[in-house]
Amino acid sequence: MALITTLANAYGGRWFDEQWKPQFDQPEWKDALNYYVNTLKQSGPPGASSNGFNENLALFNSGKCAIWVDASVAGSFVTDKKQSKVADNVGFTYAPHEVTDKGSSWLYSWSLAIPTSAKNAKDAAEFTQWATSKEYARLVADTDGVSNVPPGTRASTYTDEYKKAAPFANITLESLKVANPKAPTLKPVPYVGIQLVTIPEFQAIGTSVGQQFSAALIG
């Protein structure tokens, strides 16, 4: 749903209006979904509805996927000659938009957390601090190459050395600067979130809506 939501945002759509009324019957959503379904049916890979990050990464790295919109962490994978057949021919640009760039690229993170039930909370906290530190970033750079330092995690990562080694660095940094979860759509909304709606009910709502969109692609 992340990609489809940002696509709808780019067409001027939104999940709910200011009175929390669903907006899926509006022309913006219809235009976005028609574009999504038609594009994948005409030019997408077989079984697109069941492909996730790893499947699309494999397709892209093998030269069977021309355009891929996904997480910035993929940048180092698709430019790594050890795993990508197209590493020398990859370019990066901003997420596409139709009528607006508001909400066309999403802001998300896989964050580290320590549950209250943790038996070794102190050790976990120390690990978390280390795993997000400058020292860890330097260790990755020294071990696997500077372009493999996790993108979007620390402002200090974006040195001249990193920008030179990672062709996706500037695009990632600028995308992070303009992404605004508090103003994610062209029209006003009562919620926070670009590619999702940050309310407890969204997990169930998003799953249900996603299944219908997937059915449209399959059908």
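Leu-139 is partly exposed because its relative accessible area is 42%, between the limits for buried (under 20%) and exposed (over 50%), with a 1.4 Å probe and protein chains only. Leu-139 lies in helix α6, residues 134–144; helices are DSSP runs of H or I with at least four residues, strands are runs of E with at least two, and both are numbered from the N terminus.

Together with Phe-127 and Trp-130, Leu-139 forms a nonpolar surface patch with about 310 Å² of accessible area. Areas come from the Shrake-Rupley method with a 1.4 Å probe. Patch residues have over 30% relative accessible area and no salt bridge, and nonpolar side chains (Val, Leu, Ile, Met, Phe, Trp, Tyr) are joined within 5 Å. A salt bridge is a side-chain nitrogen of Lys or Arg within 4 Å of a carboxyl oxygen of Asp or Glu.

The model is predicted: local features need pLDDT of at least 70 and side-chain atom pairs pLDDT 80 or more, while totals for chains, interfaces and linings use all residues. Residues are numbered from 1 along each chain as its sequence is written, and side-chain values use heavy atoms, without hydrogens and water.

The protein chain has nine helices and zero strands. Of its 219 residues, 34% are buried, and its C-alpha trace spans about 50 × 45 × 30 Å along the principal axes.

Helix α1 (residues 2–10) and helix α2 (residues 27–43) have axes that come within 8 Å and cross at roughly 130 degrees.

Note on methods:
Patches are made of residues with over 30% relative accessible area and no salt bridge: like charges are joined within 9 Å, nonpolar side chains (Val, Leu, Ile, Met, Phe, Trp, Tyr) within 5 Å. Axes are lines fitted to C-alpha atoms, for helices over the stretch in contact, and angles run from 0 to 180 degrees between N-to-C directions.
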